[in-house]
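Hi,

Here is the structure I promised to pass on. My notes on aromatic pairs and on one helix packing follow below it.

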Amino acid sequence: VNPKQSWPNKKAIASSAGAFESIQKSTRVYSSFEEAVKGVNILFATSVRVRDLEKTVLTPREAINLIKNKYYDNNIGFLFGPEKAGLNNTDLSEANFIIQIPTNPGFGSLNLAMAVNIICYEWFINYHKKISTEISKNIEVVNKKKLTNFKKFLIENINESGFFKNKDSEKFETNVKNIFSKSLLTNKELLILYGIIKSLKNYEINN
(Lines give C-alpha, C1' and ligand atoms only; values in the text may rest on other atoms or scores of the structure.)
Protein backbone atom coordinates (compact mmCIF):
# COMPACT_ATOMS: atom_id res chain seq x y z
CA VAL A 1 0.00 0.00 0.00
CA ASN A 2 1.46 3.29 -1.18
CA PRO A 3 5.12 2.12 -1.06
CA LYS A 4 7.94 4.65 -0.87
CA GLN A 5 9.73 3.04 -3.80
CA SER A 6 8.20 2.22 -7.16
CA TRP A 7 7.24 -1.35 -7.92
CA PRO A 8 8.94 -3.33 -9.25
CA ASN A 9 12.40 -2.05 -8.40
CA LYS A 10 15.96 -3.36 -8.76
CA LYS A 11 16.46 -3.87 -5.02
CA ALA A 12 13.33 -6.03 -4.72
CA ILE A 13 14.33 -8.14 -7.70
CA ALA A 14 17.86 -8.64 -6.33
CA SER A 15 16.52 -9.56 -2.87
CA SER A 16 14.00 -12.07 -4.21
CA ALA A 17 16.71 -14.70 -4.83
CA GLY A 18 15.05 -15.83 -8.05
CA ALA A 19 11.45 -15.81 -6.78
CA PHE A 20 10.47 -12.55 -8.45
CA GLU A 21 9.22 -14.18 -11.65
CA SER A 22 6.86 -16.36 -9.60
CA ILE A 23 5.26 -13.53 -7.63
CA GLN A 24 5.28 -10.51 -9.93
CA LYS A 25 2.04 -11.45 -11.75
CA SER A 26 0.05 -11.75 -8.51
CA THR A 27 1.58 -8.72 -6.76
CA ARG A 28 -0.58 -5.60 -6.67
CA VAL A 29 0.21 -2.06 -5.50
CA TYR A 30 -2.60 -0.01 -3.95
CA SER A 31 -2.78 3.69 -3.25
CA SER A 32 -4.85 3.33 -0.07
CA PHE A 33 -5.72 0.85 2.66
CA GLU A 34 -9.40 0.93 1.70
CA GLU A 35 -8.57 -0.03 -1.85
CA ALA A 36 -6.28 -2.85 -0.72
CA VAL A 37 -8.87 -4.58 1.48
CA LYS A 38 -11.77 -4.25 -0.95
CA GLY A 39 -13.15 -7.75 -1.45
CA VAL A 40 -11.57 -9.12 1.73
CA ASN A 41 -14.10 -10.84 4.02
CA ILE A 42 -11.90 -11.68 7.00
CA LEU A 43 -8.88 -9.51 7.83
CA PHE A 44 -6.06 -10.55 10.16
CA ALA A 45 -3.69 -7.81 11.33
CA THR A 46 -0.25 -8.60 12.73
CA SER A 47 0.94 -6.60 15.70
CA VAL A 48 3.24 -7.05 18.68
CA ARG A 49 1.03 -4.64 20.63
CA VAL A 50 -2.77 -4.86 20.87
CA ARG A 51 -2.90 -1.12 21.63
CA ASP A 52 -5.88 -1.30 24.03
CA LEU A 53 -8.29 -2.66 21.42
CA GLU A 54 -10.72 -5.37 22.45
CA LYS A 55 -10.03 -7.98 19.81
CA THR A 56 -9.37 -11.70 19.70
CA VAL A 57 -5.60 -12.22 19.64
CA LEU A 58 -4.28 -15.38 18.00
CA THR A 59 -0.93 -17.00 17.30
CA PRO A 60 -0.14 -17.61 13.61
CA ARG A 61 -0.98 -21.31 13.95
CA GLU A 62 -4.28 -20.57 15.68
CA ALA A 63 -5.17 -18.07 12.97
CA ILE A 64 -4.49 -20.53 10.14
CA ASN A 65 -6.45 -23.27 11.92
CA LEU A 66 -9.37 -20.87 12.38
CA ILE A 67 -9.34 -20.04 8.67
CA LYS A 68 -9.18 -23.70 7.69
CA ASN A 69 -11.96 -24.79 10.06
CA LYS A 70 -14.34 -21.82 9.86
CA TYR A 71 -13.51 -19.32 7.12
CA TYR A 72 -12.11 -21.55 4.37
CA ASP A 73 -14.63 -20.27 1.77
CA ASN A 74 -13.97 -16.56 2.48
CA ASN A 75 -11.48 -14.13 0.98
CA ILE A 76 -8.76 -13.80 3.62
CA GLY A 77 -6.39 -10.89 4.09
CA PHE A 78 -3.25 -10.49 6.21
CA LEU A 79 -2.24 -6.95 7.12
CA PHE A 80 1.38 -6.13 7.98
CA GLY A 81 2.59 -2.76 9.20
CA PRO A 82 5.55 -0.59 8.20
CA GLU A 83 8.97 -1.77 9.28
CA LYS A 84 9.61 0.96 11.87
CA ALA A 85 6.32 1.68 13.62
CA GLY A 86 4.03 -1.24 12.77
CA LEU A 87 0.26 -0.82 12.49
CA ASN A 88 -1.53 1.97 14.30
CA ASN A 89 -4.90 1.81 16.07
CA THR A 90 -6.77 2.97 12.97
CA ASP A 91 -5.33 0.10 10.95
CA LEU A 92 -5.89 -2.47 13.70
CA SER A 93 -9.49 -1.37 14.23
CA GLU A 94 -10.31 -2.51 10.69
CA ALA A 95 -9.20 -6.09 11.36
CA ASN A 96 -11.40 -8.95 12.52
CA PHE A 97 -8.55 -10.59 14.41
CA ILE A 98 -5.05 -9.73 15.56
CA ILE A 99 -2.13 -12.09 15.13
CA GLN A 100 0.73 -11.92 17.60
CA ILE A 101 3.81 -13.96 16.79
CA PRO A 102 5.25 -15.47 20.01
CA THR A 103 8.69 -13.96 20.64
CA ASN A 104 11.09 -13.24 23.47
CA PRO A 105 9.22 -10.97 25.94
CA GLY A 106 12.33 -8.84 26.25
CA PHE A 107 12.27 -7.93 22.58
CA GLY A 108 9.08 -8.82 20.75
CA SER A 109 9.57 -6.90 17.51
CA LEU A 110 10.30 -8.71 14.25
CA ASN A 111 11.26 -7.17 10.96
CA LEU A 112 8.65 -7.21 8.23
CA ALA A 113 10.19 -9.96 6.11
CA MET A 114 10.43 -12.33 9.09
CA ALA A 115 6.81 -11.70 10.12
CA VAL A 116 5.53 -12.33 6.58
CA ASN A 117 7.65 -15.47 6.32
CA ILE A 118 6.27 -16.93 9.56
CA ILE A 119 2.65 -16.41 8.50
CA CYS A 120 3.34 -17.82 5.04
CA TYR A 121 5.08 -20.84 6.56
CA GLU A 122 2.11 -21.67 8.80
CA TRP A 123 -0.25 -21.28 5.84
CA PHE A 124 1.92 -23.47 3.61
CA ILE A 125 2.33 -26.28 6.16
CA ASN A 126 -1.38 -26.37 6.97
CA TYR A 127 -2.38 -26.63 3.33
CA HIS A 128 0.44 -28.92 2.22
CA LYS A 129 0.41 -31.72 4.80
CA LYS A 130 1.40 -34.17 2.07
CA ILE A 131 4.81 -32.53 1.66
CA SER A 132 5.78 -32.88 5.33
CA THR A 133 4.46 -36.47 5.30
CA GLU A 134 6.54 -37.36 2.25
CA ILE A 135 9.65 -35.89 3.87
CA SER A 136 9.17 -38.09 6.95
CA LYS A 137 8.65 -41.16 4.73
CA ASN A 138 12.07 -40.62 3.19
CA ILE A 139 13.66 -41.25 6.59
CA GLU A 140 13.72 -45.06 6.82
CA VAL A 141 14.38 -45.88 10.47
CA VAL A 142 15.78 -49.36 11.07
CA ASN A 143 13.33 -51.89 12.54
CA LYS A 144 13.75 -53.45 15.98
CA LYS A 145 14.80 -56.87 14.67
CA LYS A 146 17.71 -55.45 12.68
CA LEU A 147 18.71 -53.24 15.59
CA THR A 148 18.63 -56.17 18.03
CA ASN A 149 20.85 -58.24 15.71
CA PHE A 150 23.28 -55.35 15.44
CA LYS A 151 23.46 -54.93 19.22
CA LYS A 152 24.20 -58.64 19.62
CA PHE A 153 26.90 -58.38 16.98
CA LEU A 154 28.37 -55.34 18.71
CA ILE A 155 28.38 -56.93 22.18
CA GLU A 156 30.05 -60.09 20.84
CA ASN A 157 32.84 -58.03 19.29
CA ILE A 158 33.24 -55.92 22.41
CA ASN A 159 33.55 -59.09 24.47
CA GLU A 160 36.20 -60.44 22.09
CA SER A 161 38.17 -57.20 22.43
CA GLY A 162 38.30 -57.58 26.23
CA PHE A 163 36.69 -54.21 26.85
CA PHE A 164 34.36 -55.62 29.52
CA LYS A 165 37.24 -57.17 31.47
CA ASN A 166 37.27 -56.14 35.15
CA LYS A 167 34.03 -54.21 34.66
CA ASP A 168 30.42 -54.80 35.59
CA SER A 169 29.76 -56.40 32.21
CA GLU A 170 26.00 -56.69 32.59
CA LYS A 171 25.63 -53.00 33.44
CA PHE A 172 27.98 -51.94 30.64
CA GLU A 173 26.16 -54.10 28.11
CA THR A 174 22.88 -52.47 29.09
CA ASN A 175 24.36 -48.97 28.71
CA VAL A 176 25.91 -49.80 25.34
CA LYS A 177 22.62 -51.22 24.03
CA ASN A 178 20.78 -48.16 25.30
CA ILE A 179 23.00 -45.86 23.22
CA PHE A 180 21.69 -47.43 20.02
CA SER A 181 18.15 -48.11 21.23
CA LYS A 182 17.46 -44.41 21.84
CA SER A 183 19.10 -43.38 18.55
CA LEU A 184 16.79 -43.33 15.52
CA LEU A 185 19.26 -45.06 13.23
CA THR A 186 18.47 -45.51 9.57
CA ASN A 187 19.25 -48.68 7.58
CA LYS A 188 22.09 -46.85 5.87
CA GLU A 189 23.62 -45.76 9.18
CA LEU A 190 23.37 -49.31 10.54
CA LEU A 191 25.27 -50.67 7.55
CA ILE A 192 27.97 -48.02 8.09
CA LEU A 193 28.34 -49.10 11.74
CA TYR A 194 28.62 -52.77 10.69
CA GLY A 195 31.30 -51.77 8.22
CA ILE A 196 33.26 -49.76 10.80
CA ILE A 197 33.24 -52.60 13.36
CA LYS A 198 34.29 -55.19 10.77
CA SER A 199 37.04 -52.88 9.52
CA LEU A 200 38.41 -52.36 13.04
CA LYS A 201 38.28 -56.10 13.66
CA ASN A 202 40.21 -56.84 10.45
CA TYR A 203 42.74 -54.14 11.37
CA GLU A 204 43.44 -55.84 14.72
CA ILE A 205 43.87 -59.22 13.06
CA ASN A 206 46.26 -57.88 10.42
CA ASN A 207 48.35 -56.03 13.01
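Phe 44, Tyr 71, Phe 78, Phe 97 and Trp 123 make up one aromatic cluster. The structure has nine aromatic pairs (ring centres of Phe, Tyr or the six-membered ring of Trp within 6.5 Å). One of them joins Phe 163 and Phe 172. Their centres are 6.1 Å apart, with 65° between the planes. That makes the pair edge-to-face, because planes over 60 degrees apart count as such. Phe 163 is partly exposed, at 42% relative accessible area. Phe 172 is also partly exposed, at 30%.

The model is predicted: local features need pLDDT of at least 70, side-chain atom pairs count only at pLDDT 80 or more, and totals for chains, interfaces and linings use all residues. Residues are numbered from 1 along each chain as its sequence is written, and side-chain values use heavy atoms, leaving out hydrogens and water.

Now the helices (DSSP runs of H or I, at least four residues, numbered from the N terminus). H8 spans residues 144-161 and H10 spans residues 187-206. Their axes (lines fitted to C-alpha atoms over the stretch in contact) lie 11 Å apart, at an angle of about 15°. H8 and H10 are therefore roughly parallel (under 35 degrees, on a scale from 0 to 180 between N-to-C directions). In contact (heavy atoms within 4.5 Å) are residues including Phe 150, Phe 153 and Leu 154 of H8, and Leu 190, Tyr 194 and Ile 197 of H10. The contact residues divide into eight nonpolar, three polar and four charged. Here Ala, Val, Leu, Ile, Met, Phe, Trp, Tyr, Cys and Pro count as nonpolar, Asp, Glu, Lys and Arg as charged, and the others as polar.

Best wishes

Note on methods
Helix = DSSP H or I, 4+ residues; strand = E, 2+ residues; numbered from the N terminus. Parallel < 35°, antiparallel > 145°, perpendicular 65-115°, else oblique. Phe/Tyr/Trp six-rings, centres within 6.5 Å; stacked < 30°, edge-to-face > 60°. Buried < 20%, exposed > 50% of the residue type's maximum accessible area, 1.4 Å probe, protein only.
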